[in-house]
Amino acid sequence: MSSSSNSDSGKKGGNPLETMGAFFSSQVNRRKLVTSEKQALATRLSAGGEAFPGSEHRPADRKTWMAELGPERLRVHQVVWPGTHDSATNKIGIPFVTRPFAQCQSLSVYEQLAAGARVIDVRVQEERRVCHGLLATYSVDVVLDDVRRFLGETASEVVILEVRTEFGHDDPPEFGRYLVEQLGEHLIPQDEAVFHKTIAELLPRRLICVWKPRKSPAPKPGEPLWSAGYLRDNWIDTDLPETKFESNVKFLGEQPPVADRRFFYRVENTVTPQADNPVLCVRPVTRRIHGYARLFIAEVFAKGLGDKLQVFSTDFIDGDFVDACAGVTKARVDGAA
């Protein structure tokens, strides 16, 4: 009896050494898969290059790259909008402690806009504070001030501001009304005719604000704010760079061309840390795909999908990313794409 009992308890508890061995084996295999996918993207880059319509373009000033293309010529649906993912996380968490696990941008929202970003992604919680998961940072008023400052310093730059209630949180009370009160004079009302208008036809209003509450009523047509369906994506939760790259190509290919589209469609050139992986900090993980933005655009055009690219977002935005988006936009305006 005692022998049988000991055997049963051993089966239930498992061998700690075997469990540990299985864990480390899975981690080794995971690292091999990550390395393999990174090498696969590097090989694709070597074989295919980064050339696409407008790839040589460099704006004279990224702060005003839209104005440089001519507001009378540039239509909303022609823009490839450089965006930032989790835009207001530059000061989230405690430096060197929790910040590396949640920070997706090192620049303030104003600095991102001045550097050329035109789509801002902000998540809020019930107290009107910006957050990323469980971590909260400054008030959303900091973001709104930054957006107003940028619009005040430019004349023809259009910005898409997406504000959503973070998963696991409640909507801030009366928040849609609050956004309208704070941004009203700049807001472009929800109207599908906007997509075929020129930037000049929108002026002096230059802000499309998409409000995505969890439970509060969604904005309606004609109202100052835009509802969630006007900014869509097919985000997948992975830290594998080629897997994300291929998913982005696949889902983009399923979209209508921008000229026929009545919503903004976003592709995110990012990957996400996974809980079962030892590398949990955002920067080293997202770096796996960060440098392949131009390769993605080149492959999209090579596959005949260039007329579908619209919002293209990244972590830790840089000038080269903005230049690539501005370049495709210029090529469209010039009839070269």
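Residues are numbered from 1 along each chain as its sequence is written, and side-chain values use heavy atoms, with hydrogens and water left out. Because the model is predicted, local features need pLDDT of at least 70 and side-chain atom pairs count only at pLDDT 80 or more, while totals for chains, interfaces and linings use all residues.

The structure holds nine aromatic pairs; rings of Phe, Tyr and Trp (its six-membered ring) pair if their centres lie within 6.5 Å, with planes under 30 degrees apart counted as stacked, over 60 as edge-to-face and the rest as tilted. One of these pairs is formed by Phe-195 and Trp-226, which is edge-to-face because the ring centres are 6.1 Å apart and the planes lie at 85°. This pair links distant parts of the chain, 31 residues apart: Phe-195 is in the loop between helix H6 (175–183) and H7, and Trp-226 is in the loop between E6 and strand E7 (231–233). Helices (H or I, at least four residues) and strands (E, at least two) are DSSP runs, numbered from the N terminus. Both Phe-195 and Trp-226 are buried, where buried means under 20% relative accessible area, exposed over 50% and partly exposed in between (1.4 Å probe, protein chains only). Trp-226 also pairs with Tyr-230, again edge-to-face, with centres 5.1 Å apart and planes at 85°. The relative accessibility of Trp-226 is 0%, and Tyr-230 is buried at 12%. A single aromatic cluster is formed by Trp-81, Phe-195, Trp-226, Tyr-230 and Phe-264.

Arg-206 is located in the loop between helix H7 (199–202) and strand E6 (207–212). Arg-206 is buried but has no salt bridge, and Glu-157, the nearest side chain of opposite charge, is 6.5 Å away. A salt bridge requires a side-chain nitrogen of Lys or Arg within 4 Å of a carboxyl oxygen of Asp or Glu; Lys and Arg count as positive and Asp and Glu as negative, with His and the chain ends not counted. The side chain of Arg-206 instead reaches the backbone oxygen of Ala-155 at 3.3 Å. Residues touched by Arg-206 (heavy atoms within 4.5 Å) include Leu-151, Thr-154, Val-158, His-186 and Ile-188, not counting residues up to four places away in sequence. In the loop between H7 and E6, the peptide bond from Leu-203 to Pro-204 is cis, with omega near 10°.

Phe-296 belongs to helix H10 (residues 293–302) and is buried, at 1% relative accessibility. Phe-296 and Phe-245 are 51 residues apart in sequence, with a C-alpha to C-alpha distance of 7.3 Å. Beyond residues up to four places away in sequence, Phe-296 touches Phe-245, Asn-248, Val-249, Leu-252, Val-267, Leu-309 and Phe-312.

Most residues other than glycine have a negative phi, and most peptide bonds are trans. Positive phi values occur at Asp-86, near 50°, and at Phe-96, near 65°. Asp-86 is in the loop between strand E1 (81–84) and helix H4 (109–114), and Phe-96 lies in the loop between E1 and H4. Asp-86 is buried, with a relative accessible area of 2%, whereas Phe-96 is exposed at 80% relative accessibility.

How values were computed. A polar contact is a pair of N or O atoms within 3.5 Å; within protein, one must be able to donate a hydrogen and the other to accept it, and residues adjacent in sequence count only if both atoms are side-chain atoms.
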